[in-house]
Amino acid sequence: MQMPKRSWAAGLAVALASVGTPAFAEGPAPVKIAVPVFLSGPAVGAFGEPSKNAADLVIKAMNAGELPPPYNQKGLAGAPIEEKLVDEAGSTATVVTEFKNLVERDKVDVVVGYVSSASCVALAPVADELQVLTVIYACGTSRLFDDGSYKYVFRVSSSQTSDDVAAAHYLLAKYPDTKSFSGINPNYSWGQDNWRDFMLSMKALLPNAAVDKELFPKPFVGEFGAEISTLLAAGSPIIHSSLWGGDLETFVLQATARGLTEHSRLVLTVGEQILARQGKNVPDGSIIGGRGRHGMLATGNAVNQWFLANYKKQFNTAPNFPAYHMLSSLLGLKAAWEKAAAAKGGARPTTDEVAAAFTGLTFETAGGPVRMARGKGHQGIEEVAIGTYAYDKKTDQPTMHDLVTYPAECVNPPEGMTSADWLKQGMPGAKC
Amino acid sequence: MARHAWLSSGVLIALIALAGGWLPPWLLPQSTIALSNGLAVLGMIVLWRAGLVSFGQALYYAGGAYAVALSERYLGLRDAFLLVLIGTVLAGLFAYVAGFLLARYRGIFFAMLSLALSMILYGILINSQTLGTSDGLSVSRATFLGFKAYRDHYSWALFALVLGMVWLAAIAVERYNSTVAGSLSGPMIDNELRIEFLGASAKKLVHLKVVIAGLLTGAGGAIASLSVEHVDPDMAFWTVSGGFIFVAILAGTASVWGAFIGALMFEGLRTTALAVMPGIWQTILGVALLLTILFVPRGIGGLLFRRRKGAAGAKP
Amino acid sequence: MVGLAILVDGLIYASWLFIVAIGLTLIFGVMRVLNFAHGSLYAFGAYSSATAIGLYFDHGRPVVFGFLVMIAAALAVGFVIGLLLERLLLRRFFDKDEIVTALVTYAAFLILEDVLRLIWGAQGLVAPQPYRAVGMVTIGGLAVGVYDLMLVGLAIVLALAAWYSIQRTRFGRMLIAVLYDREAAAAFGINVTKVYLITFLIGSMLGALGGAVTAPRISVSPGIGVEVIVIAFAVIAIGGMSSIGGALTGALIVGFARALAVHLAPTLDLFVVYVVMTIVLVFRPYGLWGSAVTRKI
């Protein structure tokens, strides 16, 4: 960092300050934050780029103190943030290796990133070994805290279970006579787990609905011809899908072109993601989720207003839920960091102190409050909103109606229970 | 090769292993993975000396890795030596079975069939909930003959372990190259019929090579799993095999050490490219491959060990 | 209805596979080059076509010319890239091992992937207008996109064109000669270098064409090339690597196998093509139409 020219008076002030008063003024040591997101590969468009944009926007605003209160302090308790953007792509060995490099070679203080479930699951134990604060921003797998508990790993966004449970609740509320349903989910853990959670939720809430077809197309190939034929033949009234990104866009285009959506209603648990780009092509009447309250499902609070306005201004498009997840993760980090710093009179907190402050924290995001209430205080839960979609031809805008917001305790398993167990037992303890 | 050369290389390796304790801590895991890949590349080279290119070594890599993860989970094993042994043996078993099929093929079809087998394993792993589907399984830290290593010492211990395996593998393969079976590799490329006239069975030779390559690759996968502390189906994907082939080109067939030096260089190149130019790291690798093919056609091994002549290696 | 759906789906998927794989089999058959860059050509073709569609459609212009525009864009891109690849790269490596030339194309593929991203960025492109413009048709109760049926038509046209060019034209005869024995063909005065160049250009354009006609059905994004390479390899390996008939047979088998899997056992879809390939190779080690390569003593 550049040291400004000093007069002897400033030099005296610095000398006095270094004797032991808290360091507020020029040059508190920067906080290095690594931001691993997808900069190459099929997830760039849907996840990597929006997340990178959000990170750039939010970190710059944080450093300038431009966020709405209570986030308006500059940097992290005054310390400027240095962002190091990294590519998340590669085999798990590469991801783990690069993670270790970030911590031990590049000496980053915090890591905020990762979408790929396999990476998150592999990295969590490593993060604890290296004792580096890691905020998983977007992985959806429920296995992260179902299968392990960690000291330095936090996830602000809830696992994908809540999306499917909320969807089932929505169907119970709006279409309680559903006779049967099918699913088309990408053939890997994300798709498989989402389908399992949806099936189990439906069994608990609408036990009379039968399962028609369970389809698992190969991810990132975009070949749905035979799948759509199968769904047409089955004729289920409801079709569940956790397809995302390019696959979701392709599926929606082909399904509407072949008339699948005239007789079947789509339930797209992560559909919010494509509304900004593909709004015209998503069929009216589809049920759309957004992994919480993001994008079109977000609240009107100050944080959301700030984010929406500035993101649109800088990037010419609306932010989708991965961008929101990045925002929430950074806000959570800031809240925890500043809480820890405040307890020390403003001094820079250690990793352990921030981790302790983060555990069990409640903080405000664009989607409302997030409470770190599961995974021994490391896993956040928040409200989940689901709505029905309609494209307003007059204004050329995607819109949602019949929005229902489910409280966090309704769609998340209670502390100490895994998703699968909770669902199999019929969701005991759910407060709806 | 002369005994004293093995002794001296053994001492050198031991010194490097010892030096691991003083190297910067982030260098060790990366080198361990690179050397594990080097083992797989050595397996590739054993096949390549006979003109066979396998696009499916990932099958054994994943096999060895998953064997470690499953042994920990279901057999409760924790000893690093035992785990690596199990991984190696299981991969060797896969290779033995697959070899019955693969030994009948050459050239492009050998490549394609080996690719198919590894992708079938990939499909099975993705669809299996017990095996962790695409998330894979975690691998806990191993102990070394009862001793638990803490934090950075664990990376050091693994580094020493992989170096030991590298040394053993190098000896074994050099020995193999000096046997009748090994010496027939080069002639096999030229003319299989003549080998048969000599009384050897080309099919059995290839089968043996497939097993050797499988053992080496399985060992690499096993150590990699301990270093990364995780296994997942991507380890069986064809691009992993592609990576091994890439390094094999860098390494060349001239010397067994080329495989490991090549693997270390590749890892260094990859990580530097990723850190310095994340947007075009693939281009950098592609250009490096082209330059190697153009200007260093016999690979690093050919550059460093110019005394060795011919594809099968000369005896001193 | 399920049986009919399997038939229709299988045929459509097979046609797509054939269109994608035919360029690869041509290049391999004649030049013995396993062209990894085929994936890049496919991707470039798809992106160019999507861009062209975006520019042309939506302005009330006639649909038919839209199709021509999208194909022309792809062929142009395929020609240019094919020319660059052949001239700058492959020409230097002709005397080398098959594996080495394959690796050269792999290096080219890596580079082209980055170039693609530099040109078009990371966002996916969608260009469904042609798909929608031709609507749907109902066959026995099943709604099928007319565009998909057009793919079947294109595959048939390509197969016939290939058959005719190879069997009935002079260039085709030269191709066969080079395919069987490069040195003998050269000895007979055939300009092998020119044949190679033209073959590679045609193969590249076909690869780009595959991408171009696929673009309206998918979201064109980085990484579509990687998937296509392996499946195209599998198809031509089943067929015998070097023959058009082989590519056709391979495409049909894989197409129907996949349709069966999706309708009856969906989780198998992930690796059904490899299982089929293994089974075929077990019984026919050189693929269905391949012939044993005679070895010189």
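In this predicted model, chain A meets chain C through 32 residues of chain A, which are in contact with 34 residues of chain C. Four elements of chain A, namely α2, β7 (210-215), α8 (225-234) and α9 (245-257), each supply at least two residues of the side that touches chain C, and the largest share of that side, seven residues, comes from α8(A). Sorted by class, the side of chain A that touches chain C holds twelve nonpolar, 14 polar and six charged residues.

**Where chain A touches chain B**

- The contact between these two chains takes 25 residues from chain A and 22 residues from chain B.
- On the side of chain A that touches chain B, at least two residues each are supplied by α3 (92-105), α4 (117-130) and α7 (189-205) of chain A, and α3(A) gives the most, with nine residues.
- That side of chain A is made up of nine nonpolar, nine polar and seven charged residues.

**The two domains of chain A**

- The domain assignment of chain A gives domain 1, which covers 28-159 + 299-381, and domain 2, which covers 161-296 + 383-424.
- The centres of domain 1 of chain A and domain 2 of chain A, taken over C-alpha atoms, are separated by 27 Å.
- Where the two domains of chain A meet, 26 residues of domain 1 are in contact with 24 residues of domain 2.
- The elements that give two or more residues to the side of domain 1 of chain A that touches domain 2 are α2 (44-64), α13 (321-343) and β12 (368-374) of chain A, and the largest share, four residues, comes from β12(A).
- The residues on that side of domain 1 of chain A divide into ten nonpolar, 13 polar and three charged.

**The largest nonpolar core**

- In soluble globular proteins, nonpolar side chains tend to be buried together.
- Here the largest nonpolar core has 363 residues, and those with the most contacts inside it are B:Val41, B:Met112, C:Ala21 and C:Met277.
- Helix α1 (residues 2-31) of chain C gives the most to this core, with 20 residues, while domain 1 and domain 2 of chain A each contribute at least three residues to it.
- Leaving aside residues up to four places away in sequence, C:Ala21 touches C:Ala232, C:Val235, C:Ile236, C:Ala247 and C:Ala251.

**The fold of chain B**

- Chain B has 14 helices and two strands.
- The radius of gyration of chain B is 19 Å, close to the 20 Å that the globule rule gives for 316 residues, so chain B is as compact as a globular protein of that length.
- Taken along the principal axes, the C-alpha atoms of chain B fill a box of roughly 55 × 45 × 40 Å.
- Of the 316 residues of chain B, 59% count as buried.
- Among contacts in chain B between residues at least 6 apart in sequence, 83% join residues that are at least 24 apart.

**Confidence in the prediction**

- Chain A averages a pLDDT of 88, and 94% of the residues of chain A score at least 70.
- Over residues 1-24 of chain A, however, the pLDDT is below 50, and this stretch has eleven contacts in the model beyond near neighbours in sequence.
- Chain B averages a pLDDT of 86, and 94% of the residues of chain B score at least 70.
- Over residues 307-316 of chain B the pLDDT is below 50, and this stretch has 20 contacts in the model beyond near neighbours in sequence.

Conventions:
Residues are numbered from 1 along each chain as its sequence is written. Chains are lettered from A and ligands numbered from 1 in the order in which they are written. This is a predicted model: local features need pLDDT of at least 70, side-chain atom pairs count only at pLDDT 80 or more; totals for chains, interfaces and linings use all residues. Two residues are in contact if their C-beta atoms, placed from the backbone, lie within 7 Å. Ala, Val, Leu, Ile, Met, Phe, Trp, Tyr, Cys and Pro count as nonpolar, Asp, Glu, Lys and Arg as charged, and the others, Gly among them, as polar. pLDDT is the predictor's confidence in each residue, from 0 to 100. A nonpolar core is a set of buried Ala, Val, Leu, Ile, Met, Phe, Trp, Tyr and Cys residues joined through C-beta atoms within 7 Å. A residue is buried if 20 or more other C-beta atoms lie within 10 Å of its own, exposed if 12 or fewer, and partly exposed in between; C-beta atoms are placed from the backbone. Domain bounds come from an automatic or database domain assignment. The radius of gyration is taken over C-alpha atoms; the globule rule is 2.2 Å times the number of residues to the power 0.38.
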